[in-house]
Amino acid sequence: MGLGLIASRALKPAILYRSSRVLASQFPITRTITSTPELQNPEAAAAPESPPDLPPRTPLAGARVHFPKPEDAIEVFVDGYPVKIPKGFTVLQACEVAGVDIPRFCYHSRLSIAGNCRMCLVEVEKSPKPVASCAMPALPGMKIKTDTPVAKKAREGVMEFLLMNHPLDCPICDQGGECDLQDQSMAFGSDRGRFTDMKRSVVDKNLGPLVKTVMTRCIQCTRCVRFATEVAGVQDLGMLGRGSGEEIGTYVEKLMTSELSGNVIDICPVGALTSKPFAFKARNWELKGTETIDVTDAVGSNIRIDSRGPEVMRIVPRLNEDINEEWISDKTRFCYDGLKRQRLNDPMIRGADGRFKPVSWHDALAVVAEVAHQVNPEEIVGIAGQLSDAESMMALKDFLNKMGSNNVLCEGNGSHPCADLRSGYLLNSNIAGLEKADVFLLVGTQPRVEAPMVNARIRKTVRATQAKVGYIGPATDFNYDHQHLGTGPRTLLEIAEGRHPFCSAILNAKNPAIVVGAGLFERGDKDAIWAAVETIAKLGKVVRPDWNGLNVLLLNAAQAAALDLGLVAEESSKSMESAKLVYLMGADDVKLDKVPDDAFVVYQGHHGDQSVYRANVILPSAAFSEKEGTYENTEGCTQQTSPAVPTVGDARDDWKIIRALSEVAGIKLPYDTLGAIRSRIKIVAPNLCNMDEREAATFPTSLKPVWSEKMSMGGFGSAVENFYRTDSITRASKIMAQCSGSLLKKN
């Protein structure tokens, strides 16, 4: 700022004072006296002035305010509006309830309060200076002013300090267009800055193949540090240095190893942490967002697929308090590049020379139909893959049943699962209900790699209530305190017989929760293990009218719907050994070594994965991002995917392929539309037609007959060997391969 401008501002009050005296001498002021009837009437003057009728304000984003104890509600005034809030709310939360958006950088509703950005300054009556609303508790009768000149000037000053060292990278920054610093500097900043010194620079950090860092843009809000420590449970990030040398980084040179590391991209308010695979690919206003769900695990996290034309550009989370809150796993976020690699485009038939050749749909279906009529019905086996939707599984079951075969199963559910009682394969506590538990017993499950969002809930509960966690299974890495009780069924029997020290924790718990891994479905003694778990549940009163803590954590997106629809084979191991026609609907992880060499294998799927090498006919289908399908997650909540991009090549929806095959085979299925097949599903499993609802299991597992099978003492294994490569989409992903390489290198 020039010296002349400073001098003119200093002289301005003196000039105004002198000019006002000259005007007063030339034009004398006449004082007008008016009488007010209120002053003449003492009773009217004593009466209090009634407050004006103010229209009610709605909370920001339609949020609902929950009062745990209505008698503890307090009233505050935000810009003159009375607002009732629960006791313990901060000033910032009170302003949000009043519908006033307070700018903030460091505050996040799911993280601890830091109070170090000072952008949320507001004026409070009787306070000598503006206060940080995120860290100030609201008190009864407090009068908060958010739009005064004092608050505006304070925010302008804070913004000026933040921009002092922030580089002018907006044209080349991937955060441009969705940057909090851009938005708030426009809304609350000044039109100029007074700092002319050189901006500081910070060396970029290498956090791995997923998160790109440009640390010169960092404003030290510490959101990423608090997320890594509190939610992800890794001590990888921290604040180093003091003063102008302060910076975020790793204490030693290392990668960020959490399975939730990609969420720091969403919570970073500036362009310091961005997506490395998405770098310089697109601007956010070029993308079309489609709200759908994730199918890489059994949680069904709510996501938004951002696409441009026929290509999926990125995946970001959607808010769902009951399932994934606002986080998603790295596998969910970064597997999208697998949707365009190793895709099957055309129907193909293997020739006499062993090579595949493209054919028309009619020719491919005619070959399959001819083979289906040549073999005996009991020699036909159908296997649904782990990414199959309910509509396709219903069509597959109806088609094979009409052919005379009952050998229909879903991979991951074992050879002969018990689907009689829904409580025997669902997470009966619900994902959000796990926060009410005070003792966890994890049996043969590693939730950190099987279902990261369920693991995040357990960690959240352990941090909040110091809940105890007991684990039975192979040695693994947890991100919360736990007791490793044993490695196999022997420990389970000790707890069931009351001889283990952990029994006292279960007996003294108010809401004990047992979580059984779905990897046990593959064991031959699964019924005996389940009987031992039920004995523990009975002794510890795990199942009560007001609490059901007996849970099964499924692995795949298709498992729950497959069991609801009855995809249960009769003596499936024998049927695989004697099968002459094997119909694989996206099943890539099923072991085909028992299938006879002369068996005819049909592979219907969207990726050229493991089962393609054994197939005789290939029928290309649509991936989850290209179709509308129904999925049921591990807690029994039914959700739908939505098509975000068009299908690849000549691919079709799974249920349409089977419907066309049934017509070619002469046993036409009685549905032609998505609504018709859902009407059929409603007859078999009505809960699959109630979207976004959880239908609790009606009958407890105690109704099952007593099982007397002998239990094998072999230890429990790991259901997931490589977290980043679990299905055909993630195995085709180049990003997941890089993560897997880093993971194996770390180990």
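## Second largest pocket: residue classes

In this predicted model, the residues lining the second largest pocket divide by class into 17 polar, 15 charged and 12 nonpolar. The lining is made up of 44 residues, and the space in this pocket comes to about 1,200 Å³.

## Second largest pocket: position and elements

Which residues lie nearest the centre of the second largest pocket? They are Gly412, Glu522, Asp589, Val590 and Lys591.

Three elements each supply at least two residues of this lining: strand E16 (408-410), helix H12 (447-450) and helix H18 (572-577). Of these, H18 has the largest share, with 3 residues.

## Largest pocket: volume and centre

The largest pocket has a volume of about 2,200 Å³. Its lining consists of 49 residues. Those nearest the centre are His108, Ser109, Arg110, Leu319 and Glu326.

## Largest pocket: elements and classes

Several helices and strands give two or more residues to the lining of the largest pocket. The helices are H4 (91-97), H6 (180-188), H8 (263-267) and H9 (330-334). The strands are E9 (273-275) and E12 (311-317). Which element gives the most to this lining? That element is E12, with 4 residues.

Notes
Residues are numbered from 1 along each chain as its sequence is written. This is a predicted model: local features need pLDDT of at least 70, side-chain atom pairs count only at pLDDT 80 or more; totals for chains, interfaces and linings use all residues. Side-chain values use heavy atoms; hydrogens and water are left out. On a 1 Å grid over the protein atoms alone, a cavity is a set of points where a 1.4 Å probe fits but cannot get out, and a pocket is an open set with protein on both sides within 12 Å along at least five of seven lines; lining residues have an atom within 4 Å of a point. Grid points are joined across faces, edges and corners, and a volume is the space filled by probe spheres set on the points. Ala, Val, Leu, Ile, Met, Phe, Trp, Tyr, Cys and Pro count as nonpolar, Asp, Glu, Lys and Arg as charged, and the others, Gly among them, as polar.
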